[in-house]
Amino acid sequence: MQQSERSKLNELATADVGRLLWRYSLPAIVGMLVNALYNIVDRIFIGQGVGPEAIAGLAITFPVMNLSAALGVLIGAGGSARISILLGAKNYEGASHTLGNALVVLTCIIIAYLSCFAIFIDDILTAFGASDVTLPYARDFMLYILPGMLMTNFAFTFNNFMRVSGYPVKAMITMFIGAGINVVLAPLFIFKFGWGIKGAAIATDIAMTISAIFVMAHFLNSDSVLRFRRKMSMYLPSVRVIWPIIATGAAPSLVNAAACFINVNINKSLYAHGGDIAVGAAGIFTSYTSLMTMVVIGLCQGMQPIIGYNYGAGLFHRLKRTYWLTVGAATAIVVTGQIVGLAIPGYIASAFTTDASLIRETVRCLSISMLCFGVVGFQVVSTTLFQSLGRAGASVFLSLSRQVIFLIPLLLYLPGQYGLDGIWASFPLSDLMATVVTSIMVAILLTNISKLAIDTGRLPV
């Protein structure tokens, strides 16, 4: 069985790049899309079944969820990138050691942040922009979603490890399991049992627990190259192992952490200029754009093991071809989403709510905020490229450029000049600025890789 798995991994260095990208990306895209869809379905159920205040309350919880995701991604993205490179270098023992250390570190991180959230939940939500109207909804959702956040991090982190070790389809199936259960249980708990917003949280808890069990069971298979072993040395924390995980995972982690604090500032600014309706409109905007972003992230997840393995194997021409194919596909996806968002914003808003004021503000939000959304795919793929190559510093900088370096100053200045429209305009302007910086850094990186290919004799074929 292990020999078969190693042959499957070797295909990353020999099979046609386009077919590999399709084979690895499609399951990841489907998994991410299903995940995005069931999150959106939850929000639709909440908006239609509970009301616009609940949608606004749910939007208040986004920063908390982003912070949770940031801590999980730190280990999930960093560990999967390291495992890809180690597998490409045929260092199977090092890959397993990375898996064991990732389990220990992730568990410690989850326990720490869940304890903090549980103790200070009201203070955190108030600091994140909850009003007297939206705080009860946000609190109800968070109190019941906390146990599920533990399982969510395990499910998503080890799903990444499963995919990069040669099981993209199995990784997709585990995502289907969680999403399918959630889509069935959410309307039952919200409408039939009348549990409201907490029903959506309970449905997610159950779904993620079952999904996590399926994912973790995969790594107990004694025939797998990458698996949990009985050797205690695999789980003993090692700086030599943990530091590359954290350094590589820092970029996507900081993206989520930055999104947390950006959302806090946005929610407060939105409430100051437009009240709870504006907060709800931003929640719908985030829900819609996350649908395309998740597809792009799925593409990047398919790209990552191919790039990491070929980088470890010294096949730089395959690395570059994989990157450009992924950029093309990601751009097509976000441009399509942009066109739809600008063409029929009213239909998108109506799917989430029947409240006329919320629909009207959401239309305004989508019409302005999505003006430059078509460049986001290039940014996300390029950031993942640097991450996949272990270029932690560059990856972190690119991650922060859009959401911190450019967006925060715009959010501080434009609302004072243009009110609510200034907040909506901050998004396309930061996208445009970040794209210029990303283009320059990618050009430098690819030039250096070409020089490295010449120096090592690995010329394009």
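Reader: Which residues in α6 meet which residues in α7?
Author: A word of caution to begin with: this is a predicted model. In α6, the residues F156, N159, M162 and R163 meet P168, K170, A171, T174 and M175 of α7. By class, this contact of α6 with α7 has 5 nonpolar, 2 polar and 2 charged residues.

Reader: And how do those two helices sit relative to each other?
Author: In general, two packed helices are described by the angle between their axes and the distance between the axes. Helix α6 covers residues 135-164 and helix α7 covers residues 168-192; they pack at an angle of about 155°, and their axes are 7 Å apart.

Reader: Are α6 and α7 roughly parallel or roughly antiparallel, and why?
Author: An angle over 145 degrees counts as roughly antiparallel, and the angle here is about 155°. The two helices α6 and α7 are therefore roughly antiparallel to each other.

Reader: What about α6 with α8? What is the angle there?
Author: Helices α6 and α8 pack at an angle of about 20°, with 8 Å between their axes. Because angles under 35 degrees count as roughly parallel, α6 is roughly parallel to α8. The crossing of α6 past α8 is left-handed. Their contact has 19 nonpolar, 7 polar and 3 charged residues.

Reader: That leaves α7 and α8. How do they pack?
Author: The angle between α7 and α8 is about 160°, and their axes are 8 Å apart. That makes α7 roughly antiparallel to α8. Here α7 passes α8 in a right-handed crossing. The residues of this contact divide into 15 nonpolar, 7 polar and 1 charged.

Reader: Could we look at one residue in α8? Is A212 buried or exposed?
Author: A212 lies in helix α8, which runs over residues 197-218. Buried means under 20% relative accessible area, so A212, at 3% relative accessibility, counts as buried.

Reader: What does A212 touch?
Author: Leaving aside neighbours within four places in sequence, A212 is in contact with M151, F154 and A155. As for I177, its C-alpha atom and that of A212 are separated by 9.8 Å, and the two residues are 35 residues apart along the chain.

Reader: Changing topic: is M232 buried or exposed?
Author: M232 counts as exposed, because its relative accessibility is 57% and the cut-off for exposed is over 50%. From C-alpha to C-alpha, M232 and G100 are 9.1 Å apart in space, while 132 residues separate them in sequence.

Reader: Now α11. Which of its residues are buried?
Author: Helix α11 comprises residues 345-352, and its buried residues are P345, I348, A349 and F352. Seen down the axis of α11, these buried residues fall within an arc of 95°, so they line one face of the helix.

Reader: Finally, the whole chain. How many helices and strands are there?
Author: The protein chain has 15 helices and 0 strands. It holds 461 residues, of which 58% count as buried.

Reader: And what share of the contacts is between residues 24 or more positions apart?
Author: Counting the contacts in the protein chain with a separation of 6 or more, 83% are between residues 24 or more positions apart.

Methods: Residues numbered from 1 in each chain as written. Predicted model: local features only at pLDDT ≥ 70, side-chain atom pairs only at ≥ 80, totals over all residues. Heavy atoms only, no water. Buried < 20%, exposed > 50% of the residue type's maximum accessible area, 1.4 Å probe, protein only. Helix = DSSP H or I, 4+ residues; strand = E, 2+ residues; numbered from the N terminus. Arc of directions from axis to C-beta. Axes fitted to C-alpha atoms, helices over the stretch in contact; angles between N-to-C directions. Parallel < 35°, antiparallel > 145°, perpendicular 65-115°, else oblique. Contact = heavy atoms within 4.5 Å. Nonpolar A, V, L, I, M, F, W, Y, C, P; charged D, E, K, R; others polar. Left-handed = near helix turned anticlockwise from the far one by under 90°.
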